[in-house]
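Dear colleague,

Please find below the structure that I am handing over to you, together with its sequence. My findings follow directly after it.

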Amino acid sequence: MSASLASDQDASFMRLALAEAERGAGEGEIPVGAVLVLGDEVLAKAHNRVERGKDPTLHAEMICIREAAKKLKAWRLLDCTLYVTLEPCPMCAGAILQSRIKRLVWGAPNTLLGADGSWIRMFPVSTADPVAESTNYVLGSPRACHPFHPEIKVTRGLLSAESAALMKSFFRRRRLENSFSGV
């Protein structure tokens, strides 16, 4: 499913994820935000906490998955949707697949480590998804994906411009700060 087919509810949840990403940027974290929902109930929302926690696994997606699993008292998040401002990395994609999340909605492509086609592909692709078709690298064949959870539905590129602008602004500010500090 492409971003053009996303609902108003999807956009609303993605805006919550963007607010989380902005909160993270204010704390010096790479601005990635995530919201995990069941129906219209927010189970968890988070932003990256890698720097603060000194832990490379404290990505927004991982935090949301942990919190939702605790709240539901179950590791299978079968009917849940995860909204994240950046295409998940392989670590987060693996956790998404393992937790059996029903649907993933992401914003901006992650050209460095994206696991939905920007670097590798771990999620299925529909032939009708122009965003997925435009990604650079596809493992094996044009339709290759991780076989573990092929039923997951993916919406790509929702509020992509807003998500990408937040990242660009963060890294522009970081480069400017580093140039003044002599780093």
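Leaving out neighbours within four places in sequence, Val-50 is in contact with Glu-29, Asp-55, Pro-56, Leu-58 and His-59, where contact means heavy atoms within 4.5 Å. Val-50 belongs to helix 2 (residues 50-53); helices (H or I, at least four residues) and strands (E, at least two) are DSSP runs, numbered from the N terminus. With a relative accessibility of 23%, Val-50 counts as partly exposed. On this scale, buried means under 20% relative accessible area, exposed means over 50%, and partly exposed lies in between (1.4 Å probe, protein chains only). The C-alpha atoms of Val-50 and Ala-60, which are 10 residues apart along the chain, are separated by 9.1 Å.

Please note that this is a predicted model, in which local features need pLDDT of at least 70 and side-chain atom pairs count only at pLDDT 80 or more, while totals for chains, interfaces and linings use all residues. Residues are numbered from 1 along each chain as its sequence is written, and side-chain values use heavy atoms, with hydrogens and water left out.

Glu-20 is located in helix 1 and is buried, with a relative accessible area of 5%. Not counting residues up to four places away in sequence, Glu-20 touches Gly-33, Ala-34, Lys-45, Ala-46 and His-47.

I turn next to the aromatic side chains. Rings of Phe, Tyr and Trp (its six-membered ring) are taken as a pair if their centres lie within 6.5 Å; planes under 30 degrees apart count as stacked, over 60 as edge-to-face and the rest as tilted. This rule gives a count of two aromatic pairs. Phe-13 and Tyr-83 form a tilted pair, at 5.3 Å centre to centre and with 40 degrees between the planes. Because Phe-13 lies in helix 1 (residues 8-26) and Tyr-83 in strand 3 (residues 80-86), the pair ties together parts that are 70 residues apart in sequence. Phe-13 is buried at a relative accessible area of 7%, and Tyr-83 is also buried, at 2% relative accessibility. Phe-170 and Phe-171 form an edge-to-face pair, with 5.1 Å centre to centre and 85 degrees between the planes. Here Phe-170 is buried at 5% relative accessibility, whereas Phe-171 is partly exposed at 27%.

As for the sheet, five strands form an open sheet in the order 2-1-3-4-5, with mixed pairing; two strands pair if DSSP finds at least two bridges between them. Strand 2 (41-47) and strand 5 (153-156) stand at the edges with a single partner strand each, so one side of each is left without a neighbour in the sheet. Strand 4 (residues 103-108) pairs with strand 5 in the parallel sense over four bridges. Within strand 5, Thr-155 is the bridge partner of Val-105.

Finally, which backbone angle is positive at Arg-100? Phi of Arg-100 is near 65 degrees, a positive value in a residue other than glycine. Most residues other than glycine have a negative phi. Arg-100 sits in the loop between helix 4 (90-98) and strand 4, and is partly exposed at 22% relative accessibility. Leu-159 also has a positive phi, of about 55 degrees, although it is not a glycine. Leu-159 lies in the loop between strand 5 and helix 6 (160-181) and counts as buried at 14% relative accessibility.

With kind regards
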